[in-house]
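User: I would like to go through some side-chain details of this model. Could we take them one at a time?

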Amino acid sequence: MLRTARAATTTTLLGIGALHALWGTGATFPFKDRDRLNDTVIGRSATPSPTACYAVAGLLTAASALVAGLPTPWGRLRRSGVCVVSAMLAARAVLGFANKTELVSPGSVSATFRRMDKRVYSPLCLALTLGAASSLRASRR
């Protein structure tokens, strides 16, 4: 069960990272246009720069590697990294559930974004928190 949680969390983080990298190229997938993407995912009309998208993609990719059990030679460093990943995802979930996401993403206030934040993004962050934390237990076995 723990291995399944770790694999699902790793895959999800990597997939979300790939989506951010795609958005960095100017793509709007899975939305039909930039306005819909901005309203749903960002919560404001301003589009983040490609650099910002690639930075988020890089962080999510690094998080997925840590959850997957890499780097293996530095177990203590990896465990610390997973703890940071779990704490950040938990904080994001709490802020979303409390309608305070704009504290970490200024201007994220559109009604569409807030609805998605409560229904999708925050629960996803909570699930990823639990999956990341469970990877610590899975790696001890």
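User: Is Glu102 buried, partly exposed or exposed?
Analyst: In this predicted model, Glu102 is partly exposed, with a relative accessible area of 24%.

User: Which residue forms a salt bridge with Glu102?
Analyst: Arg114 does, and the closest N and O atoms are 3.4 Å apart. Arg114 lies in helix H5 and Glu102 in the loop between H4 and H5, so the pair ties together parts that are twelve residues apart in sequence. Arg114 also counts as partly exposed, at 25% relative accessibility.

User: How many salt bridges are there by this rule?
Analyst: The count comes to two. In the other pair, the side chains of Arg92 and Asp117 meet at 2.7 Å, N to O. Arg92 belongs to helix H4 and Asp117 to helix H5, so this bridge ties together parts that are 25 residues apart in sequence.

User: And Asp117, buried or exposed?
Analyst: Asp117 is buried, with a relative accessible area of 2%.

User: Turning to Ser108, where is its place?
Analyst: Ser108 sits in the loop between helix H4 (75-97) and H5. Ser108 is buried, its relative accessible area being 1%.

User: What does the side chain of Ser108 meet?
Analyst: A polar atom of that side chain lies 2.7 Å from the backbone oxygen of Ile42. A polar contact of 2.7 Å also joins the side chains of Ser108 and Ser105. Beyond four places away in sequence, the residues that Ser108 touches include Glu102 and Phe113.

User: Which residues make the nonpolar surface patch?
Analyst: Phe97, Leu126 and Leu130 make a patch of about 280 Å². Leu130, in helix H5 (residues 111-140), is exposed, with a relative accessible area of 57%.

How values were computed: Residues are numbered from 1 along each chain as its sequence is written. This is a predicted model: local features need pLDDT of at least 70, side-chain atom pairs count only at pLDDT 80 or more; totals for chains, interfaces and linings use all residues. Side-chain values use heavy atoms; hydrogens and water are left out. Patches are made of residues with over 30% relative accessible area and no salt bridge: like charges are joined within 9 Å, nonpolar side chains (Val, Leu, Ile, Met, Phe, Trp, Tyr) within 5 Å. Accessible areas come from the Shrake-Rupley method with a 1.4 Å probe; for residues, only the protein chains shown count as cover. A salt bridge is a side-chain nitrogen of Lys or Arg within 4 Å of a carboxyl oxygen of Asp or Glu. Helices (H or I, at least four residues) and strands (E, at least two) are DSSP runs, numbered from the N terminus. Buried means under 20% relative accessible area, exposed over 50%, partly exposed in between (1.4 Å probe, protein chains only). A polar contact is a pair of N or O atoms within 3.5 Å; within protein, one must be able to donate a hydrogen and the other to accept it, and residues adjacent in sequence count only if both atoms are side-chain atoms. Contact means heavy atoms within 4.5 Å.
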